[in-house]
There are 2 protein chains.
Amino acid sequence: MSERNLYLTNISIEEALARFQKELPPLTTGVALLETAHALGRVTARPIFARNNSPLYDCSAMDGIAIISHKTRGASETSPIALCPGDFVAVDTGDPVKPPFDAVIMAEELQEQDDGTIIIRQGAAAWQHLRPIGEDIVQGEMILPSGHKIRPMDIGVLLSGGITQILVTNPATVAIIPTGSELVEAGGNLKEGDIIESNSYMLSALVAQDGGNPVRTPIVADDYEAIKERILWAAEHHDMALLCSGTSAGREDFAIHILREIGQVVVHGVAMKPGKPVILAVVKGKPVIGVPGYPVSAYIAYENFVKPLLVGNKAKGNIIQATLTRRLVSSFKHREYVRVKIGRIGDKLVATPLARGAGAAMTLVRADGFCIIDQNLEGVDAGATVEVSLIRNLEDLEQTIVSIGSHDLMLDIMADMMVGANLSSSHVGSLSGLMALKNGETHIAPIHQLDEITGEYNVSIVKKLFGGGKMALIKGVRRTQGLMVQKGNPLGIKGLADLTKYRYINRQRGAGTRILLDYKLKAEGINPEEISGYDRDATTHMAVAAAIHGGSADCGLGIQAAATAMGLDFIPIGQEEYDFAIPREFLGLPHIQAFMDILKSPQLHEKLAGLGGYTAENCGEVVYID
Amino acid sequence: MSERNLYLTNISIEEALARFQKELPPLTTGVALLETAHALGRVTARPIFARNNSPLYDCSAMDGIAIISHKTRGASETSPIALCPGDFVAVDTGDPVKPPFDAVIMAEELQEQDDGTIIIRQGAAAWQHLRPIGEDIVQGEMILPSGHKIRPMDIGVLLSGGITQILVTNPATVAIIPTGSELVEAGGNLKEGDIIESNSYMLSALVAQDGGNPVRTPIVADDYEAIKERILWAAEHHDMALLCSGTSAGREDFAIHILREIGQVVVHGVAMKPGKPVILAVVKGKPVIGVPGYPVSAYIAYENFVKPLLVGNKAKGNIIQATLTRRLVSSFKHREYVRVKIGRIGDKLVATPLARGAGAAMTLVRADGFCIIDQNLEGVDAGATVEVSLIRNLEDLEQTIVSIGSHDLMLDIMADMMVGANLSSSHVGSLSGLMALKNGETHIAPIHQLDEITGEYNVSIVKKLFGGGKMALIKGVRRTQGLMVQKGNPLGIKGLADLTKYRYINRQRGAGTRILLDYKLKAEGINPEEISGYDRDATTHMAVAAAIHGGSADCGLGIQAAATAMGLDFIPIGQEEYDFAIPREFLGLPHIQAFMDILKSPQLHEKLAGLGGYTAENCGEVVYID
């Protein structure tokens with residue numbers, strides 16, 4: 001158990017980074033000579049001075065004629081002057097103007113005569129409508145300083161200044177070393193105990209995005225000498241190394257011992273969550289960063305400790321203010337990065353927290369940003385204004401329908417069918433969805449809430465929670481709920497009466513499917529306490545199906561589409577109505593209109609038919625709730 | 001002169017784009033199958049569904065032991081339970097947990113005995129510290145919708161979900177066609193009349209930056225049939241074409257006639273400045289955009305009409321609010337894009353307009369953003385809050401020293417030496433610089449302002465303008481001013497007395513060098529009106545040098561370093577002091593401290609010695625002005 005004592009420090013991110021950078025020699029990556037036209041995004045290694053003027057000579061700024069200004073003196077409406085050929089030359093914009101010509105008169109001010117002379121009615125000032133040599137770029141002037149990242153307009157000006165090749169700094173090469181005997185490459189045949197190695201690829205893409213050159217090595221097994229050799233090789237041949245530690249404390253322990261043997265461990269353990277067990281070390285003068293194994297931890301560690309080495313300390317990203325929808329509890333022990341979804345509801349941006357587990361990589365994909373809870377806070381109350389570091393474009397978020405409530409596969413399909421707008425769903429169950437709607441956290445709440453007295457769906461709960469006149473339901477689908485069981489139904493499960501005999505997996509509290517189960521159990525006089533697994537819950541139909549497919553549960557209630565998707569057998573229990581509760585004021589929003597159009601579209605109905613268990617007859621109709 | 005009638009329309013940008021997009025069939029670029037690991041930045045062509053669960057099986061979320069929960073029931077501090085081998089198995093985070101084991105107890109809660117048993121003091125709930133199969137990703141669930149741009153975290157999750165290859169849409173290929181007989185490639189020997197073709201390279205880089213695939217063709221001469229053939233080829237083989245029209249109305253006329261012959265011209269002329277004569281046409285169902293020839297016009301036309309076709313209409317960029325420092329006059333006739341520099345002065349962001357000529361490409365490089373003046377405005381007053389569309393990172397701007405005033409080559413050198421901060425200079429002359437300082441538009445004003453009465457530099461003008469106690473001077477350099485003349489001095493110019501005999505080029509009003517000239521002329525009794533070119537002005541020393549080098553002027557007053565840089569002869573007239581006026585309150589800013597450190601550094605003094613004509617003895621010292 002001694003490994004845990006290795007987390008010696010709980011210092012702040014800023015202090016950890018400062019200590020680390022103090023121990024690192026400056027990054028020197030060499031230079032390369034590139035064609036200017038191919039240097040987009042590269043960084044200048046030296047200041048760049050113009051090789052020629054632009055314009056290259058005094059030239060006309062207009063289409064017209066070049067003239068000798070003193071010969072036009074005195075021309076006016078009442079005493080026009082006729083210029084003979086020789087007193088002028090026709091010029092287009094950009095044409096050279098040479099002595100004795102010293103000014104240009106615009107074409108629209110001229111009156112051409114049949115005899116070849118031109119009448120002018122206004123004198124021209126010397127240098128009028130001329131672009132002098134070097135007006136834009138002067139030979140010898142510095143066009144770009146060193147350390148400048150080349151943009152498209154820089155390329156244009158460099159070429160105009162005669163610079164066809166430039167010295168740029170090489171990108172830092174970053175060795176990325178996945179370690180762990182349990183790791184396998186994606187795409188092979190998987191067996192129990194295998195973990196697909198994916199962090200190194202995410203880290204490679206992050207490095208590439210920040211202008212580095214990622215070099216991912218093959219997976220190294222848990223072998224002290226092999227890992228040591230790989231790190232030494234990386235420090236020898238690359239500018240930086242990331243050691244992807246796998247997930248176990250046992251292996252992290254390994255990394256720290258190796259790094260202590262062959263280099264200097266500057267920091268082990270930082271007051272941040274996720275990502276605490278990060279290691280910041282120096283080996284042969286090169287930074288070596290031990291990146292924790294959980295994907296979200298790896299991401300946070302990268303952003304805080306790898307990115308600053310590549311792009312400098314100042315990049316803070318896009319920070320917005322948003323209203324937090326739920327209380328977030330945190331700890332004085334660390335700064336916490338909570339993934340959130342962001343939506344524009346009415347006149348405010350709201351931030352809704354997602355699952356906080358470091359292993360929940362999918363929430364990193366679903367997140368719109370991170371709400372950062374500082375180390376000196378024990379938490380943040382619902383309704384508070386928080387800062388969110390966005391990982392998605394704010395403009396996209398402005399065009400997003402926020403949906404919080406019950407889960408159905410049709411939401412994913414609809415998200416895919418949205419054009420020019422987005423559908424962002426959080427799956428918390430019907431009742432929590434309605435609460436979110438009440439708190440102004442969402443545009444719509446997908447629900448399938450049975451009234452246990454009337455047997456009616458959705459209308460009565462909305463009426464009860466919101467009172468009169470403000471709400472509507474956009475009708476969704478009728479869908480078939482039933483028991484999902486192993487393919488071929490080896491246990492011969494016939495219906496709810498059998499649940500007490502087998503291992504059940506339930507849905508979370510507040511989920512419509514759980515309420516349906518309770519209703520049916522009551523009707524059949526079955527005591528929930530007799531059902532093994534009644535307290536084991538999952539948050540989506542698909543998660544229930546996966547547990548049954550994986551063999552850790554024998555059956556669970558859910559929708560037919562989930563059983564079909566996972567190749568399970570299905571015993572129908574009944575039909576229910578899955579609709580979208582919405583405040584009437586949102587019905588006119590353009591992205592809600594688009595949402596209703598999709599609900600009514602034959603394309604959607606066709607796809608639902610393919611999933612199985614759906615009836616879509618009133619889909620997209622609006623029912624106003626008195 | 002009939003070409004001008006071809007600008008038939010003066011419609012708004014929005015209407016022009018809407019008309020254009022209405023005529024365009026949807027962009028279909030085909031799909032490609034890519035390795036997931038190499039798909040960063042590409043766009044999904046289909047929704048992507050997980051091929052496997054993640055985790056792949058129920059697994060431990062902790063390091064510890066897997067146990068059978070009902071065998072731990074009742075354990076407590078007072079009645080601990082001993083688990084025998086077989087009742088538990090050791091597990092690391094991520095290890096599979098299989099029946100009969102159904103929960104995990106953390107390593108830190110265990111007490112290992114010498115006899116191999118383990119003492120526990122708390123019962124374990126079923127499923128405790130287990131990550132159920134599919135907790136993160138469920139097989140069959142949609143990981144990404146179609147039309148999604150792949151980010152690093154997406155790559156990690158796709159691989160975890162077993163997706164090793166994905167279908168992505170191909171980037172749009174954009175043919176970029178430079179036309180014009182006067183155009184030459186950069187890097188060759190230049191002769192009078194040549195114009196270096198650079199717009200196509202800027203446009204190529206813009207296309208690449210926006211995810212397109214630019215295909216630049218060789219320059220096409222002004223030949224109707226040749227240009228027509230090239231456009232037809234582009235429309236046949238590419239998804240889009242940009243026709244770079246050169247700069248003359250004659251050639252733009254060419255383009256419009258060709259496009260009318262072989263396709264449909266949807267828009268010719270848009271109410272924007274720069275960029276008005278843009279052409280939006282459709283040839284063989286493909287968009288063909290006639291891009292005006294001036295670099296800034298080309299940039300504005302790209303941003304408004306090409307970018308939306310590549311990335312959609314919604315990308316508005318990074319808009320900030322800033323205080324305008326000078327009145328901007330515009331016209332009801334168009335929406336104007338004015339390049340501005342942005343700086344954080346005290347507690348506000350200020351926007352200072354740069355030169356507005358469409359040919360001033362260098363200002364596109366120097367600009368921090370565009371201030372957009374709407375078509376319904378005749379101008380914006382100084383002090384008004386304006387919206388600025390940034391083309392540089394706001395964080396970089398926050399760390400920038402704003403310098404407005406007199407020009408010296410040392411500013412470029414210092415800009416290059418700044419580390420972790422930036423120096424942004426506008427060259428308007430000493431007096432305008434001091435005015436900017438007074439108006440809170442700049443941190444420092446570089447000046448060399450002679451007091452004509454005392455012969456003293458800089459102190460008295462600052463005292464006079466600012467009154468007591470608030471200002472300081474950071475001492476710069478003593479530099480040699482003199483007459484720049486052609487190499488070898490073929491005209492035998494000896495001094496100021498000769499100026500009435502030759503073609504002079506002056507500096508702009510308010511420039512210290514012009515004030516020095518006036519002072520010297522007065523001292524020598526020379527009447528400025530007798531000097532040919534006294535009214536012709538340039539805004540930098542280098543621009544004066546370029547005019548002399550180019551032969552359009554015989555001599556001009558300026559600093560020795562400019563003459564040296566341009567290979568001119570130099571006749572010294574006198575020395576002057578070039579210092580930096582600064583409000584005392586700014587002296588403590590970290591980037592001003594860095595600026596003073598550079599002024600004091602031997603590295604700078606060495607570089608100044610290389611330029612010639614500088615003395616740096618008090619460089620970086622602070623003189624407080626009472």
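**Group meeting: local geometry and burial in a predicted model**

Let me begin with Asn458 of chain A, which sits in the loop between β31 (445-447) and α11 (459-466) of that chain. Before going further, note that this is a predicted model. The backbone at Asn458(A) has a positive phi of about 70°, although the residue is not a glycine. Is Asn458(A) buried or exposed? At 0% relative accessibility, Asn458(A) counts as buried, because the cut-off for that class is under 20%.

There is another residue of this kind in chain A. His129(A) is not a glycine either, and its phi is positive, near 55°. The loop that holds His129(A) runs between β9 (118-120) and β10 (130-131) of chain A. For cover, His129(A) is partly exposed, with a relative accessible area of 27%, whereas Asn458(A) has 0% and is buried.

Now the overall picture for chain A. How many helices and strands does the chain have? The secondary structure comes to 16 helices and 38 strands. On overall dimensions, a compact globule of 626 residues would have a radius of gyration near 25 Å, but chain A has 34 Å. Along the principal axes, the C-alpha atoms fill a box of roughly 110 × 70 × 45 Å. Buried residues account for 57% of the 626 residues. Turning to contacts, take those between residues at least 6 apart in sequence: 76% of them join residues at least 24 apart.

The surface and the charges are next. Chain A exposes about 24600 Å², and carbon and sulfur atoms supply 51% of that area. There are 57 positive and 72 negative side chains in chain A, and the centres of the two sets lie 7 Å apart.

Helix α2(A) is mostly covered, with nine of its nine residues buried. The buried residues of α2(A) include Pro152(A), Asp154(A) and Ser160(A), along with Ile155(A), Val157(A) and Leu158(A). Just after the helix, Gly162(A) takes a positive phi of about 85°.

Helix α3 of chain A, residues 199-209, is also mostly covered: nine of its eleven residues are buried. Which residues are they? The buried ones are Asn199(A), Ser200(A), Tyr201(A), Met202(A), Leu203(A), Ser204(A), Ala205(A), Leu206(A) and Val207(A). Following α3(A) comes Gly211(A), with a positive phi near 85°.

Next, Pro47(A), which has a contact in chain B. Pro47(A) is in the loop between β1 (31-35) and β2 (48-49) of chain A. With a relative accessible area of 25%, Pro47(A) is partly exposed. Leaving aside neighbours within four places in sequence, Pro47(A) is in contact with Met142(A), Leu144(A), Pro145(A), Ser146(A) and Asp416(B). For Met142(A), 95 residues away along the chain, the C-alpha separation from Pro47(A) is 6.7 Å.

Gln264(B) belongs to strand β18 (residues 264-268) of chain B. The relative accessible area of Gln264(B) is 36%, so this residue is classed as partly exposed.

Where are the cis peptide bonds? One joins Pro99(B) and Pro100(B), with omega about 5°. Pro100(B) is in the loop between β6 (88-91) and β7 (103-106) of chain B. Another cis peptide bond joins Lys273(B) and Pro274(B), and there omega is about -5°. Pro274(B) lies in the loop between β19 (272-273) and β20 (279-283) of chain B.

Last, the cysteines. How many disulfides are there over all chains? The count comes to zero. As an example, Cys244(B) is in no disulfide, and the nearest cysteine sulfur, that of Cys59(A), is 19 Å away. The cut-off for a disulfide is a pair of cysteine sulfur atoms within 2.5 Å. Cys244(B) counts as buried, at 5% relative accessibility. Cys555(A) is buried as well, with a relative accessible area of 0%.

How values were computed. Residues numbered from 1 in each chain as written. Chains lettered and ligands numbered in written order. Predicted model: local features only at pLDDT ≥ 70, side-chain atom pairs only at ≥ 80, totals over all residues. Heavy atoms only, no water. Buried < 20%, exposed > 50% of the residue type's maximum accessible area, 1.4 Å probe, protein only. Helix = DSSP H or I, 4+ residues; strand = E, 2+ residues; numbered from the N terminus. Rg over C-alpha atoms; globule rule 2.2 N^0.38 Å. Contact = heavy atoms within 4.5 Å. Areas by Shrake-Rupley, 256 points an atom, 1.4 Å probe, with all protein chains shown as cover. Lys, Arg positive; Asp, Glu negative; His and termini not counted. Charge placed at Lys NZ, Arg CZ, Asp CG, Glu CD.
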